[in-house]
Amino acid sequence: MVTTQNTHNDVQQVLSITLCLNISVAVSKIILGMMTGALAIMADGFHSLTDGAGNIAGLIGNHYASRPADDNHPYGHQRFETLAALLIGALLLLTAWETIQGIFERLQNATPPQLSPLVFVVLIATLIINILVSHYQIREGKRLNSTILLADAENTKADVFVTLAVLISSGLVMLTGWVWIDLLAALIVVGLIGKAAWSILMQTGLVLVDTAPYEADELHPLVAEIQADVIRTRSRGTRDAAHIDIDVRVPPEMTTDQTNSIAYAIRQQLQQNLEGLEAVDVHFVPHHPNGRDTVLTARAYADARGLSTHEVQVSHDAQGCLLEMHVEVPANQTLAEAHTLVSALEADVTHALPEIDRIVTHIEPKPETIISETSNEDVLEIEAQILTILDTHYAHVGWHDTRLQATPHGYALSIHATLPASISVEAAHTVAESAETTLRAQLPKLQRVTIHTEPYDH
């Protein structure tokens, strides 16, 4: 798997190679321009020199961009790479301005350049190098999803056309002796440099003003497969380091475990379909169009107070709507402490659910964490007693996968019950409850009984 650090290292390597090539090309053109007096060649040489300066800026920007997030940069340092690309665009504009000044100076002193066959040999060689460098940067920039490499590739691509224009103009000047062709070529160079600068500044500018790298129409179909009620999708940054925010509407009674599962599924879905994601933040908004779910609401308020609930049921009688629930409290609490805590929970639920007339809570000790497993004769004997009781009272049930574990105050039993596939869930639950009650009555040492029901054809 390619890591972010490996990607930055690869970008550094590409920039280092292109820096050496650009410096050699720039020095060759500048020396050639000074020797011949050709303004277009001189401008092209300084343009190549800015390519090298851009590579240096890219190396510095990429170095800082590779740093992990910290307190001062909680969203990472990727914007340093954007700033480096912005600097490349600014250097191109500076080169264009310097070239325009040279054109005005030449107009005042129209000295023809001194050209020779060596000029064309050097220009052709540098043209080939520029073409190879441009293709190399584009290929690696796409592979690594690097903004700085793709920006620098635009710069190098412009250099190809600049050198080609200079090569043609130099040939015409040598054949005709017309100085104005050199000036015209220099103007063409300025136009090409300006076009490359504008392209880079536009790309970096869009990032700096937080233009979305992914439209909402691109993100919605991806997260729609999760079956979540997504109400808004946003993104910022670049495609090689994008931050995505997803707003999901959920029932307010949903637990943190449930929302975490939704968030995990959304992140996995986006990461599998989009490359270069830096972060995916999922935000949840409470929503209950058809009123609160009574059971979920009661469990949510219990979770908020660190309590576990089960057997939450709602019924109606002559006195109105009744909510019953079993609440597990720390086993070492006094009855008074437990009653105070559960009374506070009842008050919370009553306030949240005004349609409930009465609440009845059954206080139970919360099972302790299992410390160890034993397989001694006592455990084997109790397991045999359990199976004897179950086979005697529930012979129509297939009992299997018995697991008995020791706890600080007794034993915890986990067992599977196989029932006909056509039986209703309610009937299966009734069988499991009845079996649990029977076991607890005959074996007081059983602190916790968990029965897993499944169909015959499971």
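Guide: The count of salt bridges comes to 10, where a salt bridge is a side-chain nitrogen of Lys or Arg within 4 Å of a carboxyl oxygen of Asp or Glu. The model is a predicted one, in which local features need pLDDT of at least 70 and side-chain atom pairs count only at pLDDT 80 or more, while totals for chains, interfaces and linings use all residues. Residues are numbered from 1 along each chain as its sequence is written, and side-chain values use heavy atoms, with hydrogens and water left out.

Visitor: What makes Arg-305 and Asp-348 a salt bridge?

Guide: The closest N and O atoms of Arg-305 and Asp-348 are 2.5 Å apart, and the rule asks for a distance within 4 Å, so the pair qualifies. Arg-305 lies in the loop between helix 9 (294-304) and strand 4 (308-317), whereas Asp-348 is in helix 10 (residues 335-352), so the pair ties together parts that are 43 residues apart in sequence. Helices (H or I, at least four residues) and strands (E, at least two) are DSSP runs, numbered from the N terminus.

Visitor: Why is Arg-305 called partly exposed?

Guide: Buried means under 20% relative accessible area, exposed means over 50%, and partly exposed is what lies in between, with a 1.4 Å probe and protein chains only. Arg-305 has 36% relative accessibility, so it counts as partly exposed.

Visitor: How do you know that Arg-139 is exposed and what is Glu-140, buried or exposed?

Guide: Arg-139 has a relative accessible area of 52%, so it is exposed, while Glu-140, at 9%, counts as buried. The two form a salt bridge, with their closest N and O atoms 3.2 Å apart, and Asp-10, Arg-139, Glu-140 and Arg-143 are linked in a network of salt bridges.

Visitor: Where do Glu-436 and Arg-440 lie?

Guide: Both residues lie in helix 12, 4 residues apart, which is about one turn of the helix, and their side chains meet in a salt bridge at 3.2 Å, N to O. An α-helix has 3.6 residues a turn, so residues three or four places apart point the same way. Glu-436, with a relative accessible area of 24%, is partly exposed, and Arg-440, at 34%, counts as partly exposed too.

Visitor: What makes the buried residues of helix 7 line one face?

Guide: The buried residues of helix 7 (residues 216-223) are Leu-219, Leu-222 and Val-223. Seen down the helix axis, these residues fall within an arc of 85°, so they line one face of helix 7; the arc is that of the directions from the helix axis to the C-beta atoms. They pack against strand 1 (229-238), strand 2 (241-250) and helix 8 (256-273).

Visitor: Why is Gln-269 called buried, and what does its side chain reach?

Guide: Gln-269, which is found in helix 8, has a relative accessible area of 13%, so it is buried. Its side chain reaches the backbone oxygen of Leu-222 at 3.3 Å. Leaving aside neighbours within four places in sequence, Gln-269 is in contact (heavy atoms within 4.5 Å) with Leu-222, Glu-225 and Ile-226.

Visitor: Which residues touch the most other members of the largest nonpolar core?

Guide: A nonpolar core is a set of buried Ala, Val, Leu, Ile, Met, Phe, Trp, Tyr and Cys residues joined through side-chain atoms within 4.5 Å. The largest has 24 residues, of which Ile-386, Trp-399 and Leu-446 touch the most other members. Helix 11 (377-393), strand 7 (398-407), strand 8 (410-419), helix 12 (425-442) and strand 9 (446-455) each supply at least two residues of this core. Apart from it lies another core, of 21 residues, including Leu-92 and Phe-120.

Visitor: Why is the pair of Tyr-394 and Trp-399 called edge-to-face?

Guide: The search of the whole structure finds 1 aromatic pair. Rings of Phe, Tyr and Trp (its six-membered ring) pair if their centres lie within 6.5 Å, and planes under 30 degrees apart count as stacked, over 60 as edge-to-face and the rest as tilted. The ring centres of Tyr-394 and Trp-399 are 6.4 Å apart and their planes are at 75°, so the pair is edge-to-face. Tyr-394 and Trp-399 are both buried.

Methods: Polar contact = N/O pair within 3.5 Å; in protein donor to acceptor, adjacent residues only side chain to side chain.
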